[in-house]
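Open the model in your viewer and keep the selection panel at hand. The stops below follow one another by selection.

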Amino acid sequence: MVSFYEAMKKMHKRGTGRHKSLESDTNKTANALKDTLEDNLRFIDAGLGNSTDLVIRQFTITANRRLCRTAIVYIDGLANPQALLDSLLKDDNETRKAIEHPEETNPLQLLRDYVLTIGDMHGASDFDTLLHAVLSGDTAILVDGFAEGIVADTRDFTDRGVTEPSSQTVVRGPREGFSETLRTNTALVRRKIKDRNLWMETRQIGDVTKTDVSLMFIKGTVNDKVVDEVRARMDRIDIDAILESGYIEELIQDDSYSPFPTIYHSERPDAIAGGLLEGRVAIFVDGTPFVLLVPALFTHFMQTPEDYYQRADIGSLLRILRYVCLFIALFGPSAYIAITTFHQEMIPTPLLISIMAQREGIPFPAFIEAIIMEVTFEILREAGVRMPRTIGQAVSIVGALVIGQAAVDAGLVGPAMVIVVSITAISNFVIPSYNMGISVRMIRFIYMMLAASFGLYGILVGTIVMVLHLCSLRSFGVPYLAPFAPFIIEDQKDNIFRLPQWALLTRPRLVSPNNRKRQKNHPPHKPAP
Amino acid sequence: MSVHGAIRFVLLCMAFLTVTGCWNRNELNEISIATAFGFDKNAGRYNVSAQIINATEIATNKGSSGRAPVITVQMPGRTIFEAVRALTTTTPRKIYSSHLRILVIGEDLAREGIAKVLDGLSRDHELRTDFYIIVARNTTANQVLRILTPLERIPTDKMYSSLEASQRNWGVTAKVDLHQLIYDLVDKGKDPVLAGIRIEGNARRGGTRMNLSNASPQAILTYEGLAVFHKDKLVGWLNDKQSKGYNYIRGNIKSTIVPLPCPTGDDLDIELIHASHKIKGRIVDGKPEINVSIRAEGNIGEVECDMKIATNEAIALLEQELNEQIKDAIEAAITRAKYYKSDIFGFGSAIHRANFKAWNRMESDWEDEFARVPVHVTVNAKLRRTGSVVESFLERMGGS
């Protein structure tokens, strides 16, 4: 197994190496822009393999009474150069624009300074920069006789728009969600935090996809070491493609062999903004609505933004409920197996008699019974996620049959097991983070096996191992179980309980050690009568 | 996780296998729950009966199939443990006794001595010690366990809840579990008592389904009196009044009814709502003495005579009478116990607590000493309320 993995890695390295050397050869020979427009355009066209969505529009402008052959290059569908063309070509009286600024002799500079009405614009002197810009949706302007070009931001591609996030819904709270465009996403966060300390830096990751990945943090609040660590880990990434933030997550997470996620992700701008304000680092990846947040602690996966929008008592109760559900989801079927096969003395007599009566005639041991039901449920859940929306109803009908009365009537499972599996499944959905929910699902099966062979003793030993493992985890240097272990008394204000806003005076100690004070509020008091 | 780590993990998992844990894995459809055991002795051999639950019959919601809700099996054996194991030859599954709620001891065995049969029960880890022990009066334990009860599907449940309810509301029975019984047996200053159960009616018919379909069952199980033990041997019975007296002294009364005679004849009932007790031992001139003081509170529960009760004098009179009645019951119990030379009240322990030197002197012949010990009973009973009405409507009818 290991050797196979190593071999794969080697092959992978060799592959990227070849790619690199090819690129550097090109660099040496023909990376710089040529003098003639003709050569440049031919090179671009050939470089993109005469792709049909590449648009090259040539025209002539009159700059200081001199005719200049000019071309704009863009990708159809990514860019909308209408504004650019307007400023270059249209005039009130004539069809061709005459530009008169005798003090400026370089026509490119002339265009930049006096003509183009585009905000974001920069020069490009080699094909790499130029093509990358063009492929990102910018429009390149080339003028004959100059080995230089202008790249103007004309990105305008179809965006899904800001819609309600489907994976994390709230009853009370903002309904906007991230979309697939990096810029939209960063803007959504900036709209919430109008602070000059909200800093952002972008890099391209992926040799082929050249995906924009942005780090965002609040300077002064964030732990600079964490930012450095994130930068270092991002710089270490050497991969051909980043299609989703999951790629980044897997490449920079602390422990690949843990079932527990150590990086939080969300498609809610308010959740990300909240994380930034706590001193965490957000990682935006172009092309996905899921934004990463590090460091992520166990307790974060049990919280929702809505905890802070509802009043404190409601928020606290819901959090307690979630922890209860976490335990049901983890231990539900295993506890049932352990108690009914090892510790019958723990069940009240009338209940035991009733369960016994149900189990009469069921051919399988409780463990097999539970496995059948759990696997059936996992199948249904997976089918529910993958299948086309239009046949969703079919699955719910079938689902109600296979994990319902029909299964009981068929004599495959007992009614008590149906209840146990159902409450386990429902409890699992209460865990707010989908990826934490998946971890719990996986671990549940281990517990079921332990329960079937060792009873409650096995569950206990399994729990000890799990807690030890959780204690050993770290997320970007912060202990995963904080503030449970190490126990931080002042951070308990926002852990299982959520105290009222005026009591949340500090930021989490281990996440933002530098800038701890959040606010100075006093508990509201009743006006004097 | 490195290869090294993986090896360590596997070793760790294997270490679990060597640790003792819960190895008695039983699927629910491989065990039979016994809710009651009955011990008898005849011809020098124990006879163990077990009441085993027919779970499908009990838990069914859709009418019964006509099968009995429980079956009672029996097996003779040289020892109890042997007989219990031998029971598997008559039952399809292993008998699971963690849910044991009642242990019935036949009167014959009780008269021979119960200590020996209790050892196995206290030793076996599968048994909990919170089951109640009762004595089958004038019959065998096996006969008691054969009776089907109409209201509770499981006869054991009927015995169990009836014992609890009567102890709480009537106060003539005694809930004694295994722990309590063993404490009483080893305590030199206290002898055990157990509740007695009797079959009323036709015992043979009581074991058939007919007993369940009749509005007035052919045979029913009733608690009657307390079995008095001397050491571990049954020596006699207390009647209801004496049993109540015993419970006053032991502080087991939660609530009970005390009937009082009216001055005009007829009856009047007091419902006791609270009773507390105090047993004090003393040594006076080298002789032991016991003081028993009872405080009780009661309400007037029923008045069947025309008596004006809304006066302080009347209440004081009734309180006086109530004191007398309670004292009478207590003294009856003491007299009876002295007759059996069986210190069921724990007077010996009271002496022990008061003066252990004197107790050490008289410990060896305490049973004789007990028969002579003077017991001073003081009762302080108060009437609190008269119920929803004050005067009985009987009075307004102008006397009947």
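Where in chain A does Lys210(A) lie? Select the loop between β7 (198-205) and β8 (211-218) of chain A; Lys210(A) is there. Now check its backbone. This is a predicted model, and in it Lys210(A) has a positive phi of about 45 degrees, although it is not a glycine. Most residues other than glycine have a negative phi, and most peptide bonds are trans.

Next, go to the segment after β13 (478-479) of chain A, where Pro483(A) is found. Show the peptide bond from Ala482(A) to Pro483(A). This bond is cis, with omega near 0 degrees. Stay in the segment after β13 of chain A and pick Pro486(A), which also has its place there. The bond that leads from Ala485(A) to Pro486(A) is cis, with omega near 5 degrees.

**Confidence in chain A**

Colour chain A by pLDDT. The mean is 86, and 93% of the residues of chain A reach 70 or more. Which elements of chain A mark the two ends of the range in mean pLDDT? Helix α1 (residues 2-30) of chain A has the lowest mean, 50. Strand β10 (residues 281-285) of chain A has the highest, 95. Then select residues 14-23 of chain A. Here the pLDDT is below 50. Beyond near neighbours in sequence, this stretch has 4 contacts in the model. Where pLDDT is low, the predicted coordinates should not be read in detail.

**Domains of chain A**

Colour chain A by domain. The domain assignment gives domain 1 as 30-152, domain 2 as 182-296 and domain 3 as 324-457.

**A helix pair in chain A**

Select helix α6 (residues 182-192) of chain A and helix α9 (residues 269-277) of chain A. Their axes come within 9 Å and cross at roughly 60 degrees. α6(A) and α9(A) are therefore oblique to each other. The crossing in which α6(A) passes α9(A) is right-handed. Show side chains at the contact. α6(A) brings Leu188(A), Val189(A) and Lys192(A). α9(A) brings Pro269(A), Asp270(A), Ile272(A) and Ala273(A). By class, this contact of α6(A) with α9(A) has 5 nonpolar residues, no polar ones and 2 charged ones.

**A helix pair in chain B**

Move to chain B and select helix α5 (residues 115-123) of chain B with helix α8 (residues 178-186) of chain B. The axes come within 11 Å and cross at roughly 135 degrees. That makes α5(B) oblique to α8(B). The crossing of α5(B) and α8(B) is left-handed. On α5(B), pick Ala115(B), Leu118(B), Leu121(B) and Ser122(B). On α8(B), their partners in the contact are Leu178(B), Leu181(B), Ile182(B) and Leu185(B). The contact of α5(B) with α8(B) divides into 7 nonpolar residues, 1 polar and no charged.

**Where the chains meet**

Finally, show both chains. How many residues of chain A are in contact with chain B? There are 24 on chain A, in contact with 24 residues of chain B. On the side of chain A that touches chain B, the elements that give two or more residues are α11 (312-341), α12 (349-359) and α18 (456-472) of chain A. α12(A) gives the most, with 8 residues. Colour this side of chain A by residue class: 14 nonpolar, 7 polar and 3 charged.

Technical notes. Residues are numbered from 1 along each chain as its sequence is written. Chains are lettered from A and ligands numbered from 1 in the order in which they are written. This is a predicted model: local features need pLDDT of at least 70, side-chain atom pairs count only at pLDDT 80 or more; totals for chains, interfaces and linings use all residues. Domain bounds come from an automatic or database domain assignment. Two residues are in contact if their C-beta atoms, placed from the backbone, lie within 7 Å. Helices (H or I, at least four residues) and strands (E, at least two) are DSSP runs, numbered from the N terminus. Ala, Val, Leu, Ile, Met, Phe, Trp, Tyr, Cys and Pro count as nonpolar, Asp, Glu, Lys and Arg as charged, and the others, Gly among them, as polar. pLDDT is the predictor's confidence in each residue, from 0 to 100. Axes are lines fitted to C-alpha atoms, for helices over the stretch in contact, and angles run from 0 to 180 degrees between N-to-C directions. Angles under 35 degrees count as roughly parallel, over 145 as roughly antiparallel, 65 to 115 as roughly perpendicular and the rest as oblique. A crossing is left-handed if the near helix is turned anticlockwise from the far one by less than a right angle, and right-handed if clockwise.
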